[in-house]
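I opened this notebook to keep track of what I look up, one entry per topic.

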Amino acid sequence: MKIGHFSDLHYCPAYLAEADRCFSFAIQDAIAHGIDVAILSGDATHHRLEVHSPALRLLAQRIQQLANHCPVLILQGTFSHDPPGMLHMLQMIGARHPIAIADRIGLVGLTTEGQWVEPACDASAALTLAVTCVPTVNKADLVPLVGAEDASAEMGNQLAAIMASFAPANDAYRDAGVPTVLVSHGTVQGSLNESGVPMAGLDHEFTIGALYSAHASAVMLGHIHKHQVWERNFAGIEQKIAYAGSPGRFHYGEIGDKVYLLWHLEANTVDIEPIVTPSRAMIDLEFPGAPDLDEIASVAAQCANAYVRVRCSVDAEHAPNVDRAGIRQILAAAAEVKIEVEVLSIQRQRCEGISRLPDLHSRFLRWCEISGTATEGLVERLDLLNTGEPEEIVARLLTQPEPPSAVASSDLSDRVRKDAIDVASGNDVEVPEEAAQASLSATATMHHQSPAALGDLLADLI
Ligand SMILES: [Mn+2]
């Protein structure tokens, strides 16, 4: 038996284009695959919709399209997304096959005649499929019994007990050759949300163990928009749990492919085939400095209808110059543009008291200390320049071997040169901290730089 598992469609005006493009693709693809049953695991809509809203009408048409192909079961999702009662409107849609609405806990069967029935956990009913339904339950109902603080934990306990109570029925159906499904809507502890962040904490509805305990072969979940799977083979029962995830991509942070699931299910075997939907692309444009508008313009066509994130890191003084309006204008055809500017703060520290030091030698040492520059080699050369005769200095330089990769002028030596001039002229100098860091690592190179370059530098000093 093939079951199409669709979830978290979130039909609403804001998401309509994305939701309907992806869901209609999924329906056509599932029908082409010849699915026998369609199961929707909650959040068909995003919020309460007016009956004349195009979003509700399109959703109704899609459900009709599905129900003209095979029986459909729709589970109640989160109450804020699927307002109570709304699903019963969808049940009235006229189609070739019946539409079942699961808004209470119970076992729903599909008969050999293709009708949905609610067997009282009776293995004798002639079914082709047994579906244990655990729709969203209202945590508030538990508050009067256990108090607000314990309602979440108690909800988990209650649901675990309820799921385990279906095990004997599911075992009996499996023994009778009937495939078994558990369909539910909620958060599994330790699952990943659509941004890839693990859902930790105690206020989540299910543990994986509780879901397995119903002994259904296929556990079809809704609520989390990221497709993910768990599986086990225990006591001869093969079980798989999966979130179908949303077929559409509704937010920038939703990572990975969007899918609907094709379940290949028999009484004792279960397989999941995720089918990728044509959800909107996400494009990251990253710039080490201010965003390059020409470069953005060159990819603007590819960014049409995509979720685009422009990220850059700029120095604090340049942050206000990032042309946000210009970027948005260039990317006007994108579905969403997010601009994230990381501001690099520059910390400067005064080289306190350097101007009061008596001579160049001690000023230079102080500068080395503040900027984290090793003095080895440099101080001797400075002293030589201070005290030696030009001929003697030149003779010494000429007898020293030329290093293999002499860099005559690097950023570092430019900076040292500038600071050196300040030091020599008795000005206080400012030493950016990151430059000090850079100079630490560069000092080694510095020492092996061409003596001529150092000579130049130090000559400037005097
Ligand atoms: Mn949802």
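**Entry 1: cores.** I began with the nonpolar cores of this predicted model. The largest one holds 81 residues. I noted Ala38, Leu73, Ile74 and Leu211 as the residues with the most contacts inside that core. I then listed the contacts of Ile74, leaving aside its neighbours within four places in sequence. Ile74 is in contact with Leu40, Ala44, Leu87, Leu90, Ile99, Ile101 and Ala102. I also found a second, separate core of 11 residues. Ala306, Val308, Val310 and Ala334 are included in this second core. As background I wrote down that nonpolar side chains tend to be buried together in soluble globular proteins.

**Entry 2: the chain as a whole.** I looked up the totals next. The chain has 462 residues, and 37% of them are buried. Its secondary structure comes to 15 helices and 18 strands. I also checked how far apart in sequence the contacting residues are. Of the contacts between residues at least 6 apart in sequence, 72% join residues at least 24 apart.

Entry 3: In which order do the six strands of the open sheet lie? I read the order as 4-3-2-1-12-13, with mixed pairing. Strand 4 (99-102) and strand 13 are at the edges with a single partner strand each, so one side of each has no neighbour in the sheet. Ignoring direction, neighbouring strands of this sheet are turned by 20° against each other on average.

I went through some of the pairs. Strand 2 (residues 37-40) and strand 3 (residues 72-75) run parallel and are joined by three bridges. Ala38, which I had noted among the core residues with the most contacts, has Val72 in strand 3 as its bridge partner. Strand 1 (residues 2-6) pairs with strand 12 in the antiparallel sense over four bridges. There I found His5 opposite Leu261 of strand 12.

I also looked for a helix lying on this part of the sheet. Helix 2 (residues 54-67) lies across strand 2, strand 3 and strand 4. Helix 2 runs at about 140° to strand 3.

**Entry 4: strand 12.** Why can strand 12 be called largely enclosed by the rest of the structure? I checked its residues, 259-265: six of the seven are buried, so the strand is largely enclosed. Strand 12 also pairs with strand 13 (residues 270-276), in the antiparallel sense over seven bridges. In this pair, Leu262 stands opposite Glu273 of strand 13. A hairpin through four residues joins strand 12 to strand 13.

Entry 5: I moved on to an open sheet of three strands, with the order 14-15-16 and parallel pairing. Strand 14 (282-287) and strand 16 (336-344) are its edge strands, each pairing on one side only. From one strand to the next the twist averages 15°. Strand 14 and strand 15 (residues 307-315) pair in the parallel sense over six bridges. Asp284 has Arg309 in strand 15 as its bridge partner.

**Entry 6: helix 6.** Which residues of helix 6 (residues 167-175) are buried? I found Ala169, Asn170, Tyr173 and Arg174. Seen down the helix axis, these buried residues fall within an arc of 135°, so they line one face of helix 6. They pack against strand 5 (106-111), strand 7 (127-134) and strand 8. On the other side of the helix, Pro168 and Asp175 are exposed. After helix 6 comes Gly177, with a positive phi near 85°.

Entry 7: His215 has 23 other C-beta atoms within 10 Å and is buried. Neighbours within four places in sequence aside, His215 is in contact with Ala167, Asn170, Asp171 and Ile237. Of these, I had already noted Asn170 among the buried residues of helix 6. From His215 to Gln239 the C-alpha distance is 7.7 Å, and the two are 24 residues apart in sequence.

Definitions and conventions: Residues are numbered from 1 along each chain as its sequence is written. This is a predicted model: local features need pLDDT of at least 70, side-chain atom pairs count only at pLDDT 80 or more; totals for chains, interfaces and linings use all residues. A residue is buried if 20 or more other C-beta atoms lie within 10 Å of its own, exposed if 12 or fewer, and partly exposed in between; C-beta atoms are placed from the backbone. Helices (H or I, at least four residues) and strands (E, at least two) are DSSP runs, numbered from the N terminus. Two strands pair if DSSP finds at least two bridges between them. Axes are lines fitted to C-alpha atoms, for helices over the stretch in contact, and angles run from 0 to 180 degrees between N-to-C directions. The arc is that of the directions from the helix axis to the C-beta atoms. Two residues are in contact if their C-beta atoms, placed from the backbone, lie within 7 Å. A nonpolar core is a set of buried Ala, Val, Leu, Ile, Met, Phe, Trp, Tyr and Cys residues joined through C-beta atoms within 7 Å.
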